[in-house]
Amino acid sequence: MTVQHQQQVKDWNGESGERWVVHQLWLDQMLGAFGAAAIDAAQPAVGETILDIGCGAGTTSFALAERVAEGHVTGVDISAQLIERAKERAGDQSNVRFLLADASNADVPPAQFDLLYSRFGVMFFDDAAGAFTHLRRALKPSGRLAFICWRGANENDWVRLPMKAIKGLIPPVVPLPADAPGPFSFGDKGRVQKILEDAGFVDVTFTPFDHDIIYGRGETNEAAIEDALAMAFELGPLSRALASESEEVRERACDAVRAAYAQQVQDGRVTINGAAWIVTALNPAD
Ligand SMILES: C[S@@+](CC[C@H](N)C(=O)[O-])C[C@H]1O[C@@H](n2cnc3c(N)ncnc32)[C@H](O)[C@@H]1O
């Protein structure tokens with residue numbers, strides 16, 4: 001296991017996993033339109049079997065299970081907390097199950113699935129081509145892959161605006177290498193195309209998908225801004241950038257980001273654009 005991979009396992013079984021459990025409802029509201037657009041692109045049909053990669057607390061697995069009816073959905077995730085939450089939510093629902101495993105080497109039978117799907121769960125592999133090679137073997141011949149991933153951080157205003165607001169308050173954030181696992185590691189279309197082709201997929205397509213994210217809500221615009229601020233300081237790139245800063249710097253950053261969100265608020269909502277790719281591909285026929 002590489003150091004990068006160990007870090008991902010630790011993070012999703014530690015702070016990130018916990019925060020995703022605590023804020024599941026908020027994250028589902030934020031990401032709902034993105035996941036739904038990828039489900040529409042995936043065209044799940046009644047009776048199909050689907051693997052939901054990096055399924056988190058299971059929201060998209062449940063949506064897919066509704067579409068396949070008597071078919072079956074398996075959600076796989078590396079985070080014990082998130083899989084536990086998904087299992088609690090599933091209760092005794094019979095057409096969905098959850099597996100705690102690393103999707104890049106999970107023990108899944110070959111040629112079992114009609115569709116591999118993911119909502120923002122495939123950007124964290126340290127050997128992405130190796131992971132997709134492994135996952136492709138779980139697909140039936142002519143089976144489909146459909147996932148949604150973020151485009152670059154500089155195209156995503158929900159990251160760009162707060163990071164621009166704190167510029168100068170903290171030392172410049174050194175960007176991760178393009179191939180380092182992380183939320184924006186699939187922003188480069190050429191890189192993703194190569195990963196999927198190296199893994200043996202064909203007919204790879206990329207469709208840009210942009211959608212407003214309601215980042216904060218409140219009875220008043222001021223309350224919505226405070227809601228957005230609380231979330232940005234809790235989860236995502238801004239919270240990571242400020243994690244080791246002093247209370248004084250964090251307070252100044254808070255004021256700067258508050259001013260940036262004030263430009264985005266209307267009718268009790270802070271709304272910021274999110275920019276993603278919907279990626280589809282096929283497993284070749286036998
Ligand atoms: C950004 S979250 C998305 C979660 C979920 N798909 C959603 O949209 O709510 C990324 C998810 O990928 C999972 N993950 C990261 N690396 C993984 C791996 N190697 N195998 C399986 N899951 C992984 C994390 O634990 C996390 O739940």
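**View 1. Polar contacts between the ligand and the protein in the predicted model.** A nitrogen atom of the ligand lies 3.2 Å from a backbone N or O atom of I78, and in this predicted model a polar backbone atom of G54 is found 2.7 Å from a nitrogen atom of the ligand. On the side-chain level, R119 places a polar atom 2.5 Å from an oxygen atom of the ligand. The ligand, which taken alone exposes 600 Å², has 96% of that area buried by the protein.

**View 2. The shell of residues around the ligand.** The ligand is surrounded by 17 residues, of which G54, D77, D102, A103 and R119 are the closest. Sorted by class, this shell consists of 10 nonpolar, four polar and three charged residues.

**View 3. The largest nonpolar core and the surroundings of Y261.** The largest nonpolar core of the model comprises 92 residues, and F132, F147, F186, Y215 and Y261 are those with the most contacts inside it. Helix α3, spanning residues 24-42, supplies the largest share of this core, with nine residues. When residues up to four places away in sequence are left aside, Y261 touches P162, Y215, I225, A228, L229, A232, V270 and I272.

**View 4. Packing of helix α7.** In helix α7, which covers residues 157-165, the buried residues are W158, V159, L161 and P162. The buried residues of α7 pack against the helices α3, α10 (237-242) and α11 (247-262), and also against the strands β5 (139-150), β6 (202-217) and β8 (269-282).

**View 5. E197 in helix α8.** E197 belongs to helix α8, which runs over residues 189-198, and its side chain is joined to that of Q193 by a polar contact of 2.8 Å. Because its relative accessible area is 44%, E197 counts as partly exposed. The C-alpha atom of E197 is separated by 15 Å from that of V122, although the two residues are 75 residues apart along the chain.

**View 6. Two alanines with positive phi.** A69 has a phi near 50°, a positive value in a residue other than glycine, and is placed in the loop between α4 (59-68) and β2 (72-77). A69 counts as partly exposed because its relative accessibility is 36%. For A111, phi is likewise positive and near 50°, and this alanine lies in the loop between β3 (96-100) and β4 (113-119). With a relative accessible area of 42%, A111 is partly exposed.

Key. Residues numbered from 1 in each chain as written. Predicted model: local features only at pLDDT ≥ 70, side-chain atom pairs only at ≥ 80, totals over all residues. Heavy atoms only, no water. Near = heavy atom within 4 Å. Polar contact = N/O pair within 3.5 Å; in protein donor to acceptor, adjacent residues only side chain to side chain. Areas by Shrake-Rupley, 256 points an atom, 1.4 Å probe, with all protein chains shown as cover. Nonpolar A, V, L, I, M, F, W, Y, C, P; charged D, E, K, R; others polar. Core = buried A, V, L, I, M, F, W, Y, C linked by side-chain atoms within 4.5 Å. Buried < 20%, exposed > 50% of the residue type's maximum accessible area, 1.4 Å probe, protein only. Helix = DSSP H or I, 4+ residues; strand = E, 2+ residues; numbered from the N terminus. Contact = heavy atoms within 4.5 Å.
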